[in-house]
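Here are a few friendly notes to read alongside the coordinates. Please keep the viewer open as you go through the points.

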Amino acid sequence: MNVSFNWLKQHVDLSDEVTAKELADKLTMSVVEVESITELGKDLTGILVGQIKKMTKHGNADKLQVCMVDNGKKTVKVVCGGSNLVEGMKVALAPPGSKVRWHGQGELVELEKTKIRGVESHGMICQSTEIGLGGMFPISDPAQILDLSDFDVKVGQPLVEALDVSDTVF
């Protein structure tokens, strides 16, 4: 059985100083063994809500787009091969320094500013699986980008805050 730390805090009078680890230890010693502690959203550090302002075809690749993405502070250029990209779309933007799972597989890798087929890219527009949200947002196409347009999110807002996925699960 999974239990949310945030949910427990809503229904049980807990001191604000009690950490998830301390509560897990107390539960194990007095009620039931806590087998694992999972921090939701920990892999979303640095990932922001962005908005695609302009898209143009990549000159050296048929399936790539060069997107101008508003990150809340400035507009950055990002090369992306997403199949569902449209101007105005709100997306999960992973800037250089943030970490993703390449195509949703393997270990987290730290992104750097790079050139993709000769065009500079300042980060990555993400699929849900690349940032650990495949369970919340299943994809139907291997190149489908996470579309946040229908959510009440603000451009530049940290994704963990925008989706309210900062929690610990016992």
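1. Helices (H or I, at least four residues) and strands (E, at least two) are taken here as DSSP runs, numbered from the N terminus. With that convention, the chain holds three helices and eleven strands. Please bear in mind throughout that this is a predicted model.

2. How do the elements of the protein chain run from the N terminus on? The order is α-α-β-β-β-β-β-β-β-β-β-β-α-β.

3. On overall dimensions, the C-alpha trace spans about 65 × 30 × 30 Å along its principal axes. The protein chain has 170 residues, and 39% of them are buried.

4. The largest pocket has a volume of about 430 Å³. It is lined by 21 residues, of which V79, W102, H103, M124 and E130 are the closest to its centre. Which strands each supply at least two residues of this lining? They are β4 (75-80), β8 (114-116) and β10 (124-125). By class, the lining of the largest pocket divides into eleven nonpolar, seven polar and three charged residues.

5. The second largest pocket comes in at about 300 Å³. Sorted by class, the lining of the second largest pocket has eight nonpolar, two polar and two charged residues.

6. Finally, the charged pairs. Side chains of opposite charge can pair when their charged atoms come close. If a side-chain nitrogen of Lys or Arg must lie within 4 Å of a carboxyl oxygen of Asp or Glu, the count comes to one salt bridge. K21 and D25 form this salt bridge, and their closest N and O atoms are 2.9 Å apart. Both residues sit in helix α2 (residues 20-30), where they are four residues apart, about one turn of the helix.

7. One last question on that pair: why does D25 count as partly exposed? The relative accessibility of D25 is 36%, and partly exposed covers the range between buried, under 20%, and exposed, over 50%. D25 therefore falls in the partly exposed class.

Technical notes: Residues are numbered from 1 along each chain as its sequence is written. This is a predicted model: local features need pLDDT of at least 70, side-chain atom pairs count only at pLDDT 80 or more; totals for chains, interfaces and linings use all residues. Side-chain values use heavy atoms; hydrogens and water are left out. On a 1 Å grid over the protein atoms alone, a cavity is a set of points where a 1.4 Å probe fits but cannot get out, and a pocket is an open set with protein on both sides within 12 Å along at least five of seven lines; lining residues have an atom within 4 Å of a point. Grid points are joined across faces, edges and corners, and a volume is the space filled by probe spheres set on the points. Ala, Val, Leu, Ile, Met, Phe, Trp, Tyr, Cys and Pro count as nonpolar, Asp, Glu, Lys and Arg as charged, and the others, Gly among them, as polar. Buried means under 20% relative accessible area, exposed over 50%, partly exposed in between (1.4 Å probe, protein chains only).
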